[in-house]
Amino acid sequence: MPRPLLSVILIAKNEAHDIEDCLKSVAFADEWIVVDSGSTDATVEIARGLGAQVSVTPDWPGFGPQKNRALALARGDWVLSLDADERVGEALASQIRAVLAADGDGHAGYELSRLSSFCGQWMRHGDWYPDRVLRLFRREAGRFTDDLVHERVVVQGRVGRLGGELLHLTMPDLDDALDKMNRYTRGRAQDRVRAGRRGGLGSALSHGAWAFVRSYLLKRGFLDGRLGFVLAVYIAEGTYYRYLKMAWPAATPARPD
């Protein structure tokens, strides 16, 4: 069997509401790898029904290590990493196909421009845009960092940038946003403590205030209207709690659910 050109990898848990649209947006790929961490809904069945190779893991080591598990299963020359709540837009899909046809055009990886929604609105200013994420890379040239959350791809070689947008349908309402804040600030605090960093009340207040100024004023989050203000407050609050949790870190890593 010839080796596939493009492998799509993603990790999931209880993503039945998202995974079908995600995988359909990359129907042009040659291989789809899903690593599931114990879904209790129809995530596994939907993914397999769409032709994905699904591996179920009994444990949860954190986002970075789990994505490296998915990467280890991929066979393609190139890998595209997605989250279940992301969609590859048509313009971006065309860009990816062109890059593959040119065998990377001398690059080892490519950054994508991610456009995220917050409470149902696309956010085109502030900290969230433009959100450059390195997601397309030569399989043998890249790997994920071992961070529990906010992991990133590290590649050996030149990195380019593609046009089009990666659509990120995150945080449909405030309940979901607040739940994610709690889980992700816990994981990020654990990563920083593990790296020798420390936090406290003073650093939480100063970094939180700066996060609001940066997102709302310097990066013009106010142009996104009322939700631009809400998002800037949300980012500031998340920063505040992250630094507090660095002083009193939790014992268990953040999970995707």
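The side chain of Arg132 makes a polar contact with the side chain of Ser113, at 2.3 Å. This comes from a predicted model. Arg132 sits in strand β8, residues 131-138.

- Arg132 has a relative accessibility of 34%, so Arg132 counts as partly exposed.
- Beyond residues up to four places away in sequence, Arg132 touches Glu111, Leu112, Ser113 and Arg161.
- Arg132 and Glu165 are 33 residues apart along the chain, and their C-alpha atoms are separated by 9.9 Å.

**Helix α5**
- Helix α5 covers residues 174-194.
- The 21 residues of α5 should span 30 Å at 1.5 Å a residue, and the end C-alpha atoms are 30 Å apart, so the two values agree.
- Asp173 caps the N-terminal end of α5. A side-chain oxygen of Asp173 lies 3.2 Å from the backbone nitrogen of Asp175.
- The buried residues of α5 are Ala177, Lys180, Met181, Arg183, Thr185, Gly187, Ala189, Gln190, Asp191 and Arg192.
- These buried residues pack against β6 (109-118) and α7.
- Gly196 follows α5 and has a positive phi, near 95 degrees.

**Packing of α5 on α7**
- The axes of α5 and α7 are 8 Å apart, and the helices pack at an angle of about 35 degrees.
- The crossing of α5 and α7 is right-handed.
- On the α5 side, the residues that meet α7 include Leu174, Ala177, Leu178, Met181, Thr185, Arg188, Ala189 and Arg192.
- On the α7 side, they include Val230, Tyr234, Glu237, Gly238, Tyr241, Arg242 and Met246.
- Ala177, Met181, Thr185, Ala189 and Arg192 are among the buried residues of α5, and these five are also among the α5 residues that meet α7.

**Helix α6**
- Helix α6 spans residues 201-218, 18 residues in total. From first C-alpha to last, α6 reaches 24 Å, close to the 26 Å expected at 1.5 Å a residue.
- Which residues of α6 are buried? They are Ala204, Gly208, Ala211, Ser215 and Tyr216.
- These residues cover an arc of only 95 degrees around the axis, so they lie on the same side of α6.
- An α-helix has 3.6 residues a turn, so residues three or four places apart point the same way.
- Gly202, Leu205 and Leu218 are exposed on the other side of α6.
- Helix α7 (226-247) is part of what covers the buried residues of α6.
- Arg220 follows α6, and its phi is positive, near 60 degrees.

**Gly221, between α6 and α7**
- Gly221 lies in the loop between α6 and α7.
- Is Gly221 buried or exposed? Gly221 is buried, because its relative accessible area is 2% and buried means under 20%.
- Gly221 and Ala232 are 11 residues apart in sequence and 7.0 Å apart in space, C-alpha to C-alpha.

- Thr57 is in the loop between β3 (53-56) and α3 (63-73).
- Thr57 is buried, with a relative accessible area of 12%.
- The side chain of Thr57 makes a polar contact with the side chain of Gln66, at 3.1 Å.
- Other contacts of Thr57, leaving aside neighbours within four places in sequence, include Val35, Asp36, Ser37, Gly38 and Arg69.
- Ser94 is in helix α4, residues 90-101, and is partly exposed at 40% relative accessibility.
- Ser94 and Gly163 are 69 residues apart in sequence, yet their C-alpha atoms are 9.2 Å apart in space.

**Backbone exceptions**
- Most residues other than glycine have a negative phi, and most peptide bonds are trans.
- A cis peptide bond joins Tyr129 and Pro130, with omega about -5 degrees. Pro130 is in the loop between β7 (121-122) and β8.
- Asp103 is not a glycine, but its phi is positive, near 55 degrees. Asp103 lies in the loop between α4 and β6 and is partly exposed, with a relative accessible area of 45%.
- Met171 is not a glycine either, and has a positive phi of about 50 degrees. Met171 is in the loop between β12 (166-168) and α5 and counts as buried at 9% relative accessibility.

Technical notes. Residues are numbered from 1 along each chain as its sequence is written. This is a predicted model: local features need pLDDT of at least 70, side-chain atom pairs count only at pLDDT 80 or more; totals for chains, interfaces and linings use all residues. Side-chain values use heavy atoms; hydrogens and water are left out. Helices (H or I, at least four residues) and strands (E, at least two) are DSSP runs, numbered from the N terminus. Buried means under 20% relative accessible area, exposed over 50%, partly exposed in between (1.4 Å probe, protein chains only). Contact means heavy atoms within 4.5 Å. A polar contact is a pair of N or O atoms within 3.5 Å; within protein, one must be able to donate a hydrogen and the other to accept it, and residues adjacent in sequence count only if both atoms are side-chain atoms. The expected span of a helix is 1.5 Å times one less than its number of residues. The arc is that of the directions from the helix axis to the C-beta atoms. Axes are lines fitted to C-alpha atoms, for helices over the stretch in contact, and angles run from 0 to 180 degrees between N-to-C directions. A crossing is left-handed if the near helix is turned anticlockwise from the far one by less than a right angle, and right-handed if clockwise.
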